[in-house]
Structure formats: C-alpha cells, structure tokens
Amino acid sequence: MTTRTRILTGITTTGTPHLGNYAGAIRPAILASRDSNADSFYFLADYHALIKCDDPQRIQRSRLEIAATWLAGGLDVDRVTFYRQSDIPEIPELTWLLTCVAAKGLLNRAHAYKASVDKNVEVGEDPDAGITMGLYSYPVLMAADILMFNAHKVPVGRDQIQHVEMARDIGQRFNHLFGQGKEFFTMPEALIEESVATLPGLDGRKMSKSYDNTIPLFSSAKDMKDAISRIVTDSRAPGEAKDPDNSHLFTLFQAFATAQQSAEFRSELLQGLGWGEAKNRLFQLLDSELGEARERYHHFIERPSDLEDILQLGAKKARAVATPFLNELREAVGLRSFVAQTQVAAATKKKAAKAARFVSFREDDGSFRFRLLSADGEELLLSSRFSDGKSAGRVTKVLQLGEVYEVHSEALSFRVWMLGEYIGESPVFADSAARDAAIEALHIALKPAQE
Ligand code: TRP
C-alpha cells in the first residue's frame with residue numbers, strides 16, 4: 001500500500017501561459033511534485049477547453065504551448081503523470097456514469113452556470129440563451145477527472161472550490177449507490193495555496209488575460225522587456241525616494257528574487273533609483289531566472305513530435321490506472337460481460353438471498369468458526385477462529401443485519417473485513433471470473449432483506 005498523497009490538477013487549454021500563471025500555479029505545482037511524498041497527476045484539460053472555445057487552431061496551439069511550458073519549467077515526467085485529458089477515453093466514460101447519479105439540482109447551483117443565467121436575465125434574454133450542456137455539465141467532467149484517479153488533494157484557484165465539493169458530492173453518491181460496502185472513490189480536497197503569489201499585472205490589478213495586463217512568460221526576451229516597460233508607476237523622478245511597499249513593480253521583483261536581492265532593490269528604490277532603471281533591474285532578474293527555461297520552451301515548440309511522445313507515454317501511465325478502475329465501475333453499475341455471469345445467473349438474486357446460510361462449527365483446537373454457503377451450497381467464506389461461540393455468533397448476526405463490510409480480492413480468493421476486524425476468507429477459485437461471481441453471491445447473500 002502506498003501512503004503517498006495523490007495530487008491532481010488540470011489546466012484548461014485556452015490560452016498562452018503568462019508570468020502570473022507561472023508564479024501562481026505552474027512553479028508551485030512543479031515544486032510540489034518533487035516532494036517524495038507526492039504522487040502528482042497533472043493534465044491538460046482540453047475537453048474543458050472545448051466548453052469555452054470553438055476555435056480549433058487556438059485549442060491546438062494552447063495545448064502545445066501549455067505542455068511545452070510545464071516541461072520547460074522543469075516538470076519531471078518520470079516522477080509525475082502528465083497527460084492530456086482527451087487521451088484518456090475512460091474520463092468521458094466515467095463522466096457518463098457520474099452524470100447518471102449527479103443531481104440536476106446540484107448542477108443548477110454551479111457558480112459558472114448561474115453567472116451565465118444571471119447575465120441573460122439581466123439583459124432580458126431567455127435564461128438559457130447561449131448556454132451549452134457543456135457549460136452546464138462542466139462540474140461532472142471535472143468530477144470524473146478527479147475521481148478517476150482517486151486524488152486526495154486538488155490544487156485549484158478559489159473559483160474552483162465549489163467544483164471540488166461537487167466532485168465529493170457526486171462521488172459519495174456513487175459510492176453509496178453502487179459500493180456495497182466498498183468506497184470506490186476517495187473524497188478529494190481542494191488545496192488552496194495561501195502562500196503563493198498572485199502577481200499584479202502591468203496596471204497593478206491582478207495579472208490576468210482578461211485585463212490585458214500580462215507579462216509574457218516564454219515568448220521572447222524582447223516581448224518581456226516591452227511589457228515591463230509598460231508597467232505603470234507613479235511619477236516620482238529619478239533621485240526622489242520611491243515607496244517599494246506601494247509599487248507593484250517591486251511586488252513583481254520580489255516574486256522572483258531571493259530575500260537578499262529584494263532587500264537590495266528595496267534600499268535602492270528608497271534611495272531614489274529611477275523607474276526606468278528599476279524596470280531594467282526587473283527585466284535582468286526575470287531574464288536570469290527564466291532565460292534557460294525559455295530556451296527549453298522553444299526547443300519543445302519546435303519539436304512537437306517530442307511533446308507528442310511524452311504525452312503519449314503519460315497517457316499510457318494514466319490509463320494503467322484508469323482502465324482497470326473503470327472496468328470495476330462498469331461492473332458495479334451492471335455493465336458486465338455475459339460470460340463471467342454464468343455463476344451469478346445460476347444463483348438468482350432471490351434464491352441466494354433466501355437460501356444463503358451460515359454454518360457454525362468447532363475446530364479441534366476448541367475455537368469456533370463458521371462458513372457462509374450460497375444457495376447452491378457453494379462455500380463463499382470461511383471465518384477466522386473465535387475463542388468462543390458467542391463472538392462467532394455476534395459476527396454472523398451483524399453481517400446479516402447489513403453492517404458495512406469490505407471485500408479485498410487477493411489472487412483467486414478474497415478476504416472480508418468488517419469494522420476494521422478481519423472476518424475470514426474465501427476458498428481459492430478456479431479463475432478470477434469465478435472469484436468475482438462468488439463476491440457477487442456474497443453481496444447478494446448479505447444484503448439485508450428490503451421488502
Ligand atoms: N476547471 C479547472 C480550471 O478552470 C481546470 C480543471 C479541469 C481541473 N479539470 C480539473 C482542475 C480537475 C483540477 C482538477 O481551473
């Protein structure tokens with residue numbers, strides 16, 4: 001069993017990453033992935049991008065740029081699982097399974113959808129004008145992204161917290177409906193990095209594409225320099241003392257500088273460094289911090305087939321997790337092969353429920369045990385040894401009353417646990433289909449009578 005924390009996050013592929021994205025999300029995610037305790041899953045949320053963007057060129061370009069940015073930034077794809085959402089067909093499949101249990105009322109409350117409705121209403125339009133099912137179902141797709149890989153922690157911006165909560169909600173509902181005592185999905189938690197910088201943009205507001213105030217990240221040194229020259233400052237002349245604490249230029253500098261560099265820059269500003277020179281310092285700093293990564297970035301952009309190979313490998317790693325898990329989930333909802341079913345079909349639900357029975361006996365060493373037999377007499381479970389008959393009897397009673405229990409398959413047999421206590425194990429079956437059929441028969445036998 002691994003105790004590593006699974007960290008998962010998606011990046012919607014609709015734009016080109018800028019300096020603010022880098023400092024606020026990319027750099028911290030890459031650093032976090034180097035922790036030996038972290039098992040990171042980072043992916044390009046390109047299905048999500050289709051919800052916001054119907055320009056194929058832009059989608060394609062953005063996927064390429066974002067992939068190149070993360071790799072240039074130092075993401076180690078041997079350590080992390082880095083993939084495109086659209087390379088994992090299990091994700092849209094899971095999305096459908098989840099769509100079928102997600103409450104419509106839950107999705108009605110999603111902020112993004114509600115904001116669109118409110119906007120329509122405000123201008124006297126039909127409430128749903130221009131709203132696609134993609135936008136409406138966005139949180140379900142995101143829940144599938146997260147639940148597919150049983151993520152523990154999901155680093156996101158504040159605007160996404162609600163979506164992570166919805167993933168919990170939907171996952172819980174699925175567990176409850178189909179888990180039969182087993183928790184298929186881990187409950188994810190949103191991770192909001194308080195310490196991470198939200199960079200100010202050229203005009204001092206939060207750096208954001210929608211404010212058109214960004215500093216480009218890797219396009220070229222010249223672009224970066226041009227943007228820096230447009231940073232808004234106050235009108236104090238060279239020689240006049242500047243106020244670093246009210247200068248977003250200084251904030252930008254700090255986000256990339258060591259404590260010592262920041263201290264020096266601060267005292268220079270206090271001593272009257274001119275803004276032109278200050279901008280120069282900022283450019284020098286950013287260029288020395290990001291210049292090499294910029295070269296790696298262009299190297300990748302010029303070799304898209306290398307990127308393709310890396311992402312295909314990532315998809316393979318991700319699918320090694322997703323494919324068997326989705327098979328289990330398909331089983332759980334009743335999408336099963338007809339071949340593996342023969343045994344279950346033989347013991348029909350009612351018959352099994354009626355006639356499954358516990359048989360208690362005493363071992364030579366004086367301990368007490370029981371067997372659970374299916375309707376047709378097949379042994380499903382042999383209990384562990386109990387020191388007295390009372391304890392054995394208590395366990396059979398509690399099992400029959402529908403207490404939650406857990407089944408763990410082990411090769412061609414399975415073991416059963418209840419309330420943290422080991423209960424017993426099955427015989428060894430001829431093949432895994434027979435084992436799974438017996439697990440199914442066990443669930444049926446232990447299902448409390450409902451009617
Ligand atoms: N919706 C997220 C955003 O816009 C991107 C995203 C898609 C995501 N799937 C995810 C983030 C799964 C975390 C986990 O930022």
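Let me start with the shell of residues around the ligand, which divides into 8 nonpolar, 5 polar and 1 charged. Please keep in mind throughout that what we are looking at is a predicted model. In total, 14 residues surround the ligand, and the closest of these are Thr 12, His 48, Tyr 138, Asp 145 and Gln 160.

For Asp 145, an N or O atom of the side chain is 2.7 Å from a nitrogen atom of the ligand, while Thr 12 places a polar side-chain atom 3.3 Å from a ligand oxygen atom. As for how much of the ligand is covered, it exposes 360 Å² when taken alone, and the protein buries 89% of that area.

Where in the fold does this shell come from? Three elements each supply at least two of its residues, namely the strands β1, residues 5–12, and β2, residues 38–45, together with the helix α7, residues 133–148.

Let me stay with the two strands for a moment. β1 and β2 pair in the parallel sense, over 8 bridges, and Thr 12, which I mentioned among the residues closest to the ligand, has Ala 45 in β2 as its bridge partner.

How values were computed:
Residues numbered from 1 in each chain as written. Predicted model: local features only at pLDDT ≥ 70, side-chain atom pairs only at ≥ 80, totals over all residues. Heavy atoms only, no water. Near = heavy atom within 4 Å. Polar contact = N/O pair within 3.5 Å; in protein donor to acceptor, adjacent residues only side chain to side chain. Areas by Shrake-Rupley, 256 points an atom, 1.4 Å probe, with all protein chains shown as cover. Helix = DSSP H or I, 4+ residues; strand = E, 2+ residues; numbered from the N terminus. Nonpolar A, V, L, I, M, F, W, Y, C, P; charged D, E, K, R; others polar. Pairing = 2+ DSSP bridges.
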